[in-house]
Amino acid sequence: MSGRRIAFLVGFAALGYGIWTRVPLGESTSDLLPALAAFPLYYWFTRPWRWRAEGPKWAQGPFIAGVLLLVLGVAVDSTLVLAVGWVSLWRGWMVSETEVDTPTTKWRPLMLLVLGFPWLGIEGQAIGWWFRYSGAWAAGGLFEVAGLAVTRDGTFLNVQGLPLAVDAACSGLHALQAMLVAGTVLALGVLPGWKFWLGMGLLPLLAWVANLLRIVTLGVTGLTFGSDAAMGWFHSWGGWGVLMVMFMLCSTVFNFMGRRPTTGSIA
């Protein structure tokens, strides 16, 4: 690899680090770290990078768009806009430096890079609140259908005397972003063409269903084994449980969507 390309990679890493470290004071970074997995996963899906032997053919459009988005992101103080600007610059560089029609020049793997920045956990508080509020509402409805006494105040449930708080710490935005990264990985591996974008549109719904299942399971555990069991190791490891449920849901739905018709079937 030439010195010019190494310098560009270092520059992109430094710029990405600058965007990542915009986490507000007092915000925990440990919950944001799973999003970083998107970057090595991007490399996995686009490898090997086939560099142009004759040198770069600069693609001005993505570079100009990237610079404008970075300036806009600074002006409006938005991590999401800065992330999209970084990704636009990255695609412009990949198109310029790598061979045509390779994975590095495609749009789909870039979704991993957009999700690799912690914009959702930093700026999506309203989304997170609705994510938890609607989950608590749906869980309360399921418990009522099961014949249990339920009262609800916002994201706080009381099921048969068991308090169940669907707060940001146990089902917040950081877990949601990790779920979206996991779902994108499955979509890239299973879904071709336009089905990939349809699958991406389904990811928030599948993440919501996974979170709802966690809330219900947490309630059932508390009712069966007591609140100490529900608030102990189960609660602590529940975030990983949501990721596993999300992975299984996405795998089932995406494999069904990506299945090819068998010979003799009606298209």
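Visitor: What is the bridge partner of Asp-153 in E2?

Guide: That's Phe-156. Bear in mind that we're looking at a predicted model.

Visitor: What makes E1 and E2 a pair?

Guide: Pairing takes at least two bridges between the strands. Strand E1 (residues 150-153) and E2 are joined by 4 bridges, so they count as paired, and they run antiparallel. They make a hairpin with 2 residues between them, and Gly-154 in the turn has a positive phi of about 65°.

Visitor: And how do you know that E2 pairs with E3?

Guide: By the cut-off of at least two bridges again: E2 and strand E3 (residues 162-165) have 4, in the antiparallel sense. As for the faces of E2, Leu-157 and Val-159 are on the covered one, Phe-156 and Asn-158 on the uncovered one.

Visitor: Why is Glu-97 called buried?

Guide: Buried means under 20% relative accessible area. Glu-97 comes in at 0%, so buried it is. This residue is found in helix H4, and its contacts include Arg-4, Arg-50, Trp-51 and Trp-58.

Visitor: What makes the link between Glu-97 and Arg-5 a polar contact?

Guide: The limit for such a pair of N or O atoms is 3.5 Å. The side chains of Glu-97 and Arg-5 are joined at 2.9 Å, within that limit.

Visitor: How do you know that the span of H1 agrees with what a helix should have?

Guide: Helix H1 (residues 3-20) has 18 residues, and at 1.5 Å a residue these should span 26 Å. The end C-alpha atoms of H1 are 26 Å apart, so the two agree.

Visitor: Which residues of H1 are buried, and how do you know that they're on the same side?

Guide: The buried ones are Arg-5, Phe-12, Gly-16, Ile-19 and Trp-20. Around the axis they cover an arc of only 95°, which puts them on the same side of H1. They pack against helices H2, H3 and H4, while Gly-3, Val-10 and Tyr-17 are exposed on the other side.

Visitor: Which members of the largest nonpolar core touch the most others?

Guide: Of its 46 residues, those are Tyr-42, Trp-86, Trp-90, Met-246 and Phe-254. Trp-90, for example, touches residues including Leu-9, Phe-12 and Trp-49. There's a second, separate core of 13 residues, with Ala-136 and Leu-218 among them.

Terms used. Residues numbered from 1 in each chain as written. Predicted model: local features only at pLDDT ≥ 70, side-chain atom pairs only at ≥ 80, totals over all residues. Heavy atoms only, no water. Buried < 20%, exposed > 50% of the residue type's maximum accessible area, 1.4 Å probe, protein only. Expected span 1.5 Å × (residues − 1). Arc of directions from axis to C-beta. Contact = heavy atoms within 4.5 Å. Core = buried A, V, L, I, M, F, W, Y, C linked by side-chain atoms within 4.5 Å. Polar contact = N/O pair within 3.5 Å; in protein donor to acceptor, adjacent residues only side chain to side chain. Lists of a residue's contacts leave out its neighbours within four places in sequence.
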